[in-house]
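Subject: Structure handover

Hello,

Please find the structure below, with the sequence. My notes come after it.

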Amino acid sequence: MGSTLSFQYYLYVSDSKVDMLLAQMDPAFTRKRTTEVSVNLKLFGGKQSSEAPAGGERTAKLQRVVRYLEDHGDLGTVDEPGQFFWGLLPMSWGPFPAEPTLAYFGGRSGRTVVGLGGSGHHILGGGPAPGGVPRSVLPSLLAGLRSDPDIGALTEAIKHEDDGAHKGALAAVRRANEAMPGPDQNLEFVAKRLLSGPTGDGVNVVLGTPLYVAQVD
């Protein structure tokens with residue numbers, strides 16, 4: 001019997017992050033994208049400029065950015081994150097129960113508690129982007145987590161301690177992971193690191209916002 005291929009099934013892709021990074025990698029992409037948007041605005045009154053790219057184009061751009069980060073960027077691992085980090089872990093995921101506009105993925109390696117968060121419209125098949133600050137921005141992501149009353153009370157209780165804001169953020173990630181319903185799925189991702197560090201009891205925590213998350217069987 002022949003060997004079985006393993007496919008990635010993308011659950012979440014942030015086109016905005018991919019485009020931002022690709023523009024920094026390749027200035028020609030910026031010129032091409034500006035021309036495309038300009039033409040779309042003239043022909044379609046701006047309607048087309050906000051649409052997500054087709055599946056093949058999206059995957060090609062994403063893979064190009066990931067290869068660049070692997071070859072030239074600061075791409076670390078869950079346990080030793082750089083500016084970006086890669087992982088393959090069992091994780092619970094979905095809209096955050098207390099704030100459905102926040103897509104959240106929670107898991108743990110042998111050494112590190114991992115939380116990933118971003119705007120829910122980046123989940124494939126999701127709705128249009130809402131207004132306001134994107135959930136991939138750290139203050140907005142943490143505000144989404146603090147919508148959970150237990151997390152809000154936890155961070156409020158320690159905010160006046162030395163480095164209380166940082167400690168509270170790390171504690172919020174641990175509690176958010178506990179709040180996510182299962183079951184776990186094997187997920188692969190590349191994410192931008194937003195914060196990391198040990199908690200008071202020595203547990204290491206990393207919080208990021210993903211470029212992509214894919215189910216891997």
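Predicted model: local features only at pLDDT ≥ 70, side-chain atom pairs only at ≥ 80, totals over all residues.

Residues are numbered from 1 along each chain as its sequence is written, and side-chain values use heavy atoms, with hydrogens and water left out.

The whole protein

The protein has 6 helices and 7 strands. Both are DSSP runs, numbered from the N terminus: H or I over at least four residues for helices, E over at least two for strands. From the N terminus on, the order is β-α-α-α-β-β-β-β-α-α-α-β-β. Of the 217 residues, 42% count as buried, meaning under 20% relative accessible area; exposed means over 50%, and partly exposed is in between (1.4 Å probe, protein chains only). Among contacts (heavy atoms within 4.5 Å) with a separation of 6 or more, 66% join residues 24 or more positions apart.

Helix 5 and helix 6

Helix 5 covers residues 149-158 and helix 6 covers residues 164-179; they pack at an angle of about 155°, with their axes 9 Å apart. Axes are lines fitted to C-alpha atoms, for helices over the stretch in contact, and angles run from 0 to 180 degrees between N-to-C directions. The two helices are therefore roughly antiparallel, a label for angles over 145 degrees.

On the helix 5 side, the contact is made by D150, I151, L154, T155 and I158; on the helix 6 side, by G164, K167, G168, A171, A172, R175 and A176. By class, this contact has 6 nonpolar, 3 polar and 3 charged residues. Nonpolar covers Ala, Val, Leu, Ile, Met, Phe, Trp, Tyr, Cys and Pro; charged covers Asp, Glu, Lys and Arg; the others, Gly among them, are polar.

The buried residues of helix 6 include G164, G168, A171, A172 and A176. Helix 6 has 16 residues and reaches 22 Å from its first C-alpha to its last, close to the 22 Å expected, which is 1.5 Å times one less than the number of residues.

The loops

D163 lies in the loop between helix 5 and helix 6. Its phi is near 55°, a positive value in a residue other than glycine. D163 counts as exposed, because its relative accessibility is 52%.

P183 is in the loop between helix 6 and strand 6 (185-198). The peptide bond from G182 to P183 is cis, with omega near 0°.

Regards

Definitions and conventions. Parallel < 35°, antiparallel > 145°, perpendicular 65-115°, else oblique.
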